[in-house]
Amino acid sequence: MIIDSISPDYGYNNGQVTVTVTGSGFETEGIWTSILEHPGIVPIQSSLVNIISDSLITIKFDLTGQVYAEYSLVIITGLHNRYSCPTPFIVYYPYLPVVAEIIPSSGRIDEEPFTCTINGDNFIYGSYVRMVNSSGEIVTTSSTNIDNNQFTSVFSPGMKKGDQYLVQVVNPDTQCSVDTVYFTVYDLPPAISDVNPRTLYTSDSLCEISIRGNGFLSGSVVSLLGNSGGMRISNKTPTIVSADGKIITASFDLSGFMTGEYHVIVENPDGQCSTDTVFLQVKEPEKRSFKVTVAPGPGGNTIPYGVVTVLESSTLAVSWTPDSGYEVCEVYLDGLIQKNHNSCIIEDIRGDHEIYVEFKK
């Protein structure tokens, strides 16, 4: 008698299974019974053997409550001869373990080792927890199976910073949870020691600041948070981070923003934010001053007279009075003759100017 194959080659320990066996010589020698056997485990006795042909039989087993193991299917004849299948038959638990959550779900690299509670279902005695990082590397944890719904686990140090670990529970029958529950290991938060410049202006449509510290990562975001907490400005263009992570440069558009003190915050791509109390000031731009030289010719006076200092963007009105017997001949603004001889108004001053009033009899 020869056994070639069995199908299925597994079953679950919550019911019966019918195994189809192919081979030859099944009718040449009377079959007495069939068993599933594993060293150290009481053999599982078949409940029915049905000979269909010399090359095909079906065997029924009740697997209820049986232990997970790889069993050898053995046919025993009336002459007490034993014929074994070369393919093992595996008894599994009926359900996959289910991971619902891990508490806490994250930790910082400097807080290792991490102690967490894993909640779920179908955690069989002898199960274990493992973590799989984004590179597929497996980290086995030190775990305690509380019951079929909960584990407590301690994750060994040396986990990759800034990585996500898939939480898996593996039952003794090698069946593994397939739920997408992750534990995230965060890097140390960024730290700010200084910022330059310390003063920015509301007229700056593209101003740049350089921040010194450590732990800055590529892709970080720099924000300026108003002291009242109501206004937040984020970098206008992507930040630039030095190779050693100690300098980050960011640009901002402050046009139209309120003046005041702003808290400088760096947020790394992993969500970690700086907590240092480093501030800068946003002010109105300091206006420049310009000189307007007002000079009357002989035969009259002007108001104002002489060199007048004015602020940028301001307006200056100049008037004049001819002496008795004189009248205005020409008015010159920066050497150009003006058509209006009654007054001269310079608006939105952004440079030095000269006004000359010429009188005649």
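Me: Why is Arg198 called partly exposed?

Reply: Buried stands for under 20% relative accessible area and exposed for over 50%, with partly exposed in between (1.4 Å probe, protein chains only). Arg198 has a relative accessible area of 39%, so the middle class applies.

Me: What are these values based on?

Reply: This is a predicted model, in which local features need pLDDT of at least 70 and side-chain atom pairs count only at pLDDT 80 or more, while totals for chains, interfaces and linings use all residues. Residues are numbered from 1 along each chain as its sequence is written, and side-chain values use heavy atoms, with hydrogens and water left out.

Me: What makes the contact of Asp194 with Arg198 a salt bridge?

Reply: The term requires a side-chain nitrogen of Lys or Arg within 4 Å of a carboxyl oxygen of Asp or Glu. In this pair the closest N and O atoms are 3.0 Å apart, so the contact qualifies. Asp194 is partly exposed, at 32% relative accessibility. The structure holds eight salt bridges.

Me: How do you know that Asp253 and Lys236 belong on that list?

Reply: Their N to O distance is 4.0 Å, and the pair is counted as a salt bridge. Asp253 sits in the loop between β25 (247-252) and β26 (260-267), and Lys236 in the loop between β23 (232-234) and β24 (240-241), so the contact ties together parts 17 residues apart in sequence. The strands are DSSP runs (E, at least two residues), as helices are (H or I, at least four), numbered from the N terminus. Both partners are partly exposed: Asp253 has a relative accessible area of 26% and Lys236 stands at 48%.

Me: Which residues make up a network of salt bridges?

Reply: Arg288, Glu312, Asp348 and Arg350 are linked in this way. One of the contacts joins Arg350 to Asp348, with the closest N and O atoms 3.2 Å apart. Asp348 is partly exposed, with a relative accessible area of 40%.

Me: What makes the backbone at Pro104 and Pro304 worth a remark?

Reply: Most peptide bonds are trans. The bond from Ile103 to Pro104 is cis, with omega near -10°, and a cis bond also joins Ile303 and Pro304, where omega is about -5°. Pro104 is in the loop between β10 (98-103) and β11 (106-108). Pro304 is in the loop between β29 (300-303) and β30 (306-311).

Me: Why are the phi values of Ser313 and Asp334 listed?

Reply: Most residues other than glycine have a negative phi. Ser313 has a phi near 75°, and Asp334 has one near 55°. Ser313 lies in the loop between β30 and β31 (316-322) and is partly exposed at 33%. Asp334 lies in the loop between β32 (327-333) and β33 (336-338) and is partly exposed at 40%.

Me: How do you know that β7 is mostly covered?

Reply: Seven of the nine residues in β7 (residues 69-77) are buried.

Me: What makes β7 and β4 paired strands?

Reply: Pairing requires that DSSP find at least two bridges between the strands. β4 (residues 31-38) and β7 have six, in the antiparallel sense, so they count as paired. Ile31 has Thr77 of β7 as bridge partner.

Me: Which strands pair with β7 over three bridges?

Reply: β9 (residues 89-92) runs antiparallel to β7, with Ala69 opposite Val91. β8 (residues 82-84) is also antiparallel to β7, and Val74 has Ser84 as bridge partner. β7 and β8 form a hairpin with four residues between them, and His80 in the turn has a positive phi of about 65°.
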